[in-house]
Amino acid sequence: MQTEFKAILFDIDGVLEFQGQAYPGAPELLDFLRRKGIIIRILTNSTLKSRKHCVAKLTQRGFHVRQEEVITASYATAKYLKTLKPKSCWVMLNGKGIEEFEGLHFDPDSPEYIVVGDYREGFNFDNMNKALKLLLTGSKLIVMIPEKVDHSLGSVELTVGAYGKMLEDAAGIKATWIGKPNKYIFEVTLDTLTVDRKNVLMVGDRVATDIIGAKAAGIKSVLVKTGEFKESDLNGDVQPDYVFDAVREIEKFF
Ligand SMILES: [Mg+2]
């Protein structure tokens, strides 16, 4: 197989690793691509993790990755928010992802923007109701990712998108959604590359986020049959350009 790909964007969960363990050959694949001069970006809808924290986790699992190669949903959201030059914000997020918002003025009582990430126990009646009242009196809503349920911690739990949608519907407003498959996280990522988008490839395990997002951004995609992949994904309206059994097969392109 001959290729024009000069940059590859990798999802993490279900592609490079699963439940805290690297897939066989995945760390070696990144090293191989670097030797070939391919630009690597790691593109994850994680909100809890900062880029630094993501690099630390990936390093523990044997990957060689630098912070500037990682785009988390929290980083992309902070980057987008900074372009709006907000007077103030309330970032509903627990975890190290909050580090990405450094430099912004936090004012949870009178925010120009409410930003919804993974707030964990913070998603309680008082905070949700407070957010609703603020939205009804003019605060604007940004939601970091669309996923409504998360299976990554073993059992099923409600996550960011469910709370974002609840606030959007209750307040009767439209939020700006940042993470995959939305355009913002892809634009933030593509802005860090010096290559044309026809030379960029996205590798993911979910059609709904990775593949649909890649298509909308005008880049080619690989769906890997690992992680959250289901055979029924291959019957939908949106299809990836390539389907591989595992991420290490990316080597075939080179
Ligand atoms: Mg995934």
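Helices here are DSSP runs of H or I with at least four residues, strands are runs of E with at least two, and both are numbered from the N terminus. On that basis the protein chain has seven helices and 14 strands.

Two housekeeping points. This is a predicted model, so local features need pLDDT of at least 70 and side-chain atom pairs count only at pLDDT 80 or more, while totals for chains, interfaces and linings use all residues. Residues are numbered from 1 along each chain as its sequence is written.

Overall dimensions next. The C-alpha trace spans about 55 × 35 × 35 Å along its principal axes. The radius of gyration is 18 Å, which agrees with the value near 18 Å for a compact globule of 254 residues. That radius is taken over C-alpha atoms, and the globule rule is 2.2 Å times the number of residues to the power 0.38.

Now domains. The bounds come from an automatic or database domain assignment. It gives domain 1 (7-45 + 180-253) and domain 2 (85-177). Their centres, taken over C-alpha atoms, are separated by 27 Å.

How much of the chain is buried? Buried residues make up 45% of the 254. Buried means 20 or more other C-beta atoms within 10 Å of the residue's own, exposed means 12 or fewer, and partly exposed is in between, with C-beta atoms placed from the backbone.

The largest nonpolar core has 72 residues. Such a core is a set of buried Ala, Val, Leu, Ile, Met, Phe, Trp, Tyr and Cys residues joined through C-beta atoms within 7 Å. Ile8, Phe10, Ile114, Val115, Val116, Ile185 and Val203 touch the most other members. The core draws at least three residues from each of domain 1 and domain 2.

Contacts use C-beta atoms placed from the backbone and lying within 7 Å. Take Ile185: leaving aside residues up to four places away in sequence, it touches Leu43, Ile71, Ala73, Ala76, Ile178, Gly179 and Lys180.

On to two helices. The expected span is 1.5 Å times one less than the number of residues. For the twelve residues of α4 that is 16 Å, and the end C-alpha atoms are 16 Å apart, which agrees. Ala131, Leu134 and Leu135 are its buried residues. They cover an arc of only 100° around the axis, so they sit on the same side of α4. The arc is that of the directions from the helix axis to the C-beta atoms. On the other side, Phe125, Asp126, Asn129, Lys133 and Leu136 are exposed. The buried residues of α4 pack against β7, β8 and α5.

Then α5, residues 160-171. In this helix Val160, Gly161, Tyr163, Gly164 and Leu167 are buried. Their arc is only 165°, which puts them on the same side of α5. They pack against β7 (113-116), α4 (125-136) and β8 (140-143). After α5 comes Gly172, with a positive phi near 65°.

Last, the backbone exceptions. Most residues other than glycine have a negative phi, and most peptide bonds are trans. Gln19 is not a glycine, yet its phi is positive, about 45°. With 10 C-beta neighbours inside 10 Å, Gln19 counts as exposed. Lys85, also not a glycine, has a positive phi of about 45°. Lys85 has 8 such neighbours, so it counts as exposed. Finally, the peptide bond joining Lys180 and Pro181 is cis, with omega about 10°. Pro181 lies in the loop between β11 (176-177) and α6 (183-190).

Key:
Contact = placed C-beta atoms within 7 Å.
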